[in-house]
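I opened this entry to record what I looked up around the ligand, and then in the fold and the backbone.

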Amino acid sequence: MMHVSWNNLIAKDARALTASEIRDLLKVAERPEVISFAGGVPDPKLFPLGELSEVYADLMADDVAGRGALQYSISEGMPALRQWIAADLAKEGAERTIDNILITNGAQQGLDMLARLLLEQGTKLVVEKPSYLGAMQAFSTRHPDYIGVTMDDEGVVLADLEAAFEAGARIAYLAPDFQNPTGLSYSLARRQAVLELAQRYGAVIIEDAAYCKLSYEGEALPSLLALDEAGRQDEDAGTVVQLGTFSKTLVPALRVGWVTAPRPLIEKLVLLKQASDLHVATINQAVALRAVEKTFPGHIDTVRDTYRTKRDAMLRALEDFMPDSVSFTRPKGGMFVWLTLPDGIDSRALLERALEEEKVAFVPGQAFFCDKSGENTCRLSFSAGDPARIREGIERLANLIRRVHNQ
Ligand code: PMP
């Protein structure tokens with residue numbers, strides 16, 4: 001009898017998929033005694049259970065809407081939901097029609113579909129250093145040539161970006177608002193300059209706007225999409241393809257996200273969507289629409305207030321407990337703070353000891369770098385815990401870092 005040789009059968013692209021080595025370690029982080037900054041998921045206490053329960057009940061009590069929500073639907077996504085998103089984008093200065101919007105199974109599916117649409121082996125692709133790991137997982141199935149661009153306090157470094165475009169890159173994946181993993185945002189001037197550069201070289205920017213509504217101070221800055229749209233008449237021209245989601249503002253489990261793009265791109269994406277899963281669950285789209293109509297903007301205000309308090313607790317604790325040799329970002333929104341440890345401290349080894357000795361968890365930063373640099377960096381999420389636990393966890397981590405540093 002012949003045994004199946006999976007290694008030979010699995011296609012080359014799929015063979016490139018490897019599980020992250022820290023995943024096993026982070027399983028330990030789920031134990032109740034561990035204070036985990038590793039997650040990065042929304043605080044479930046913020047999920048509007050009462051409102052959602054009413055939305056589901058109302059929908060199922062409505063003979064037409066209820067049956068419609070249980071039926072197949074079009075691949076583009078529910079027109080009324082796309083209309084709501086178009087109106088919301090318009091408020092932020094980006095005039096798009098519903099034909100410029102495709103509903104996806106979370107922003108993550110948008111990333112996967114854009115990878116399939118735009119990338120092939122060797123395509124030069126600009127990513128921030130560090131960048132969102134889930135995006136790189138989606139992109140890497142296509143084997144692009146990553147060109148990592150460094151970040152400073154104002155965003156991506158322009159000279160790096162220009163050098164990448166000079167080297168022939170025409171696609172850049174950027175997250176200007178409260179980036180995952182650093183929490184950093186681009187300044188207005190940097191947004192404008194990035195866009196001008198992209199326009200000069202005829203490059204496309206994939207703008208990840210997953211966290212754009214989670215802003216905790218100051219005025220929200222216009223997205224690259226909105227800046228690109230300013231003064232443009234034709235919705236089907238454009239430099240920016242933007243990804244959005246209700247995962248961070250409503251609930252992630254509905255898996256409702258979207259891609260906003262010029263129509264020729266949307267038309268291709270719709271075909272990819274048809275081939276992969278036909279459409280996002282009709283009922284999830286219907287529930288998302290009713291829920292945002294019912295609860296926004298009040299709910300977003302609650303979400304912001306809650307995360308602001310958690311962020312403040314984390315930053316205060318970092319200031320109070322961390323040795324001066326550790327630097328950290330001071331995000332104005334989002335869910336993450338980024339630590340840079342003294343040179344020579346490997347954050348993966350630190351995680352092992354943090355779990356063992358202090359029962360505290362974080363994500364080592366290296367995984368977020370396309371060139372696997374950043375050994376001495378860590379991503380900390382403040383979204384899930386309560387402020388007192390956050391403070392306690394930071395104190396424990398700081399104690400460990402002091403011990404490691406003095407050894
Ligand atoms: N982009 C970024 C930057 C994210 O952090 C996430 C979620 N971790 C996503 C996209 C995907 O979000 P979703 O698929 O839930 O919409």
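This is a predicted model: local features need pLDDT of at least 70, side-chain atom pairs count only at pLDDT 80 or more; totals for chains, interfaces and linings use all residues.

Next I looked up Asn 180, where an N or O atom of the side chain is 2.9 Å from a ligand oxygen atom. For Thr 245 I noted a distance of 2.6 Å between an N or O atom in the side chain and an oxygen atom of the ligand.

On its own the ligand has 400 Å² of accessible area, and the protein covers 90% of that.

I listed the residues surrounding the ligand. They are Gly 106, Ala 107, Gln 108, Tyr 132, Asn 180, Asp 208, Ala 210, Tyr 211, Thr 245, Ser 247, Lys 248 and Arg 255. I sorted this shell by residue class and got four nonpolar, five polar and three charged residues. Which helix gives the most to the shell? I found helix α7, residues 106–118, which gives three residues.

I turned to the whole protein. I noted 16 helices and 14 strands. The radius of gyration is 22 Å, close to the 22 Å that the globule rule gives for 407 residues, so the protein is as compact as a globular protein of that length. Along the principal axes, I have the C-alpha atoms filling a box of roughly 65 × 65 × 50 Å.

Which residues does a cis peptide bond join? I placed Pro 130 in the loop between β3 (124–129) and α8 (133–140). Another cis peptide bond joins Phe 296 and Pro 297, and here I noted omega of about 0°. Pro 297 is in the loop between α13 (282–295) and α14 (298–321).

I also looked up Phe 178, which has a positive phi of about 50° although it is not a glycine. I located Phe 178 in the loop between β6 (171–174) and α10 (188–201).

Methods
Residues are numbered from 1 along each chain as its sequence is written. Side-chain values use heavy atoms; hydrogens and water are left out. A residue is near a molecule or strand if one of its heavy atoms lies within 4 Å of it. A polar contact is a pair of N or O atoms within 3.5 Å; within protein, one must be able to donate a hydrogen and the other to accept it, and residues adjacent in sequence count only if both atoms are side-chain atoms. Accessible areas come from the Shrake-Rupley method with a 1.4 Å probe; for residues, only the protein chains shown count as cover. Helices (H or I, at least four residues) and strands (E, at least two) are DSSP runs, numbered from the N terminus. Ala, Val, Leu, Ile, Met, Phe, Trp, Tyr, Cys and Pro count as nonpolar, Asp, Glu, Lys and Arg as charged, and the others, Gly among them, as polar. The radius of gyration is taken over C-alpha atoms; the globule rule is 2.2 Å times the number of residues to the power 0.38.
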